[in-house]
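Welcome! Here are a few notes to read alongside the model.

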Amino acid sequence: MRNITEDNLTQVVLDRTDIPDGRTKDFIDKLITHVHAFVRDFEPTEEEWFKAIDFLTRTGHMCTGTRQEFILLSDVLGVSMLVDAINHRNMDGATETTVTGPFHTDAPPMEMGAMIATGPEAERGEPSVVRGRITDIDGNPIKGATVDVWQSDDIGYYDTQDVNQPEINLRGLFTTGEDGEYWFRTIKPLYYPVPTDGPVGELLKAAGRHPMRPAHIHFWIKADGHEQLITHIFVEGDEYIESDAVFGVKDSLVMDFIPNDSQEEAAKYDFEAPFYEVEYNFALKKTE
Ligand code: BEZ
Ligand code: FE
């Protein structure tokens, strides 16, 4: 083929690929088809197209070992939650999933009940007890499940973003016993902005969108013989609960943090009253 035109170009490119049938072929063919369709629809000028390529180049340059601007791009465009939805259509009573986000790092194993807030936020923040059970979808407790948690502080920063916090802070790894129960002490998280100092921030600004995520605690739960669960508990009443910048909120994950004014109860947790309590039970599917 040497007379390539606007009309035949997409088909010529598709015909040039030589990939055995399967997921890789489907992926590449659909990528070509949809990107060509986008260009045919939008009809960018050459200057606009170079601007788009420059945006992606800068997105790549922003990535480091602890900063993943491409995941953030996928998150704010709603693509991460679309992939999540497609891959978790049949929950069968298992706890719903949501985005992983870019802030997970390995947490040290901790005793059940540990206080995970060990920086300046422990003095400023609102003390909270988080507890619940890890079960299968029939309600049977799972022993030996690992519950990996991470959250931002009371002013909206993760430890990796803030030199004022200890190196590992507001993270913990707990292992359930016979009863499947977990609990830990922390401070109530606050809403925070996704990083806006890179190309994704420019995109949000250009789109007239705020960068805020409603307050949440991340959970990554693993248990032998069960599908892993990556999710959050969101704080009911948060002002951004209806407009999460990454579209991660699901009703079943939004919980009341219940205030408790009893000094006697608070003392049991080494807290001053008032403090908050939240209970969330997680149900995991068995692997097939
Ligand atoms: C997070 O919850 O940590 C997060 C998720 C998506 C984008 C940015 C942050
Ligand atoms: Fe988060």
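1. Is glutamate 227 buried, exposed or partly exposed? With a relative accessible area of 33%, glutamate 227 is partly exposed, because buried means under 20%, exposed over 50% and partly exposed in between (1.4 Å probe, protein chains only).

2. A word on the basis: this is a predicted model, where local features need pLDDT of at least 70 and side-chain atom pairs pLDDT 80 or more, while totals for chains, interfaces and linings use all residues. Residues are numbered from 1 along each chain, chains are lettered from A and ligands numbered from 1 in written order, and side-chain values use heavy atoms, without hydrogens and water.

3. You will find glutamate 227 in the loop between strands E7 (216-222) and E8 (229-235); strands are DSSP runs of at least two residues and helices (H or I) of at least four, numbered from the N terminus. Beyond its neighbours within four places in sequence, glutamate 227 is in contact with Leu284, Lys285, Lys286 and Thr287 (heavy atoms within 4.5 Å).

4. Next, please look at the helix pair. Phe55, Leu56, Thr59, Gly60 and Met62 of H3 meet Glu69, Phe70 and Leu73 of H4.

5. Turn now to ligand 1. Among the residues surrounding ligand 1 are Leu72, Asp75, Tyr158, Tyr192, Arg213 and His216, each with a heavy atom within 4 Å. Tyrosine 192 has a side-chain N or O atom 2.7 Å from an oxygen atom of ligand 1. For histidine 216, a polar side-chain atom lies 3.0 Å from a ligand 1 oxygen atom, and for tyrosine 158 the distance is 3.3 Å.

Methods. Polar contact = N/O pair within 3.5 Å; in protein donor to acceptor, adjacent residues only side chain to side chain.
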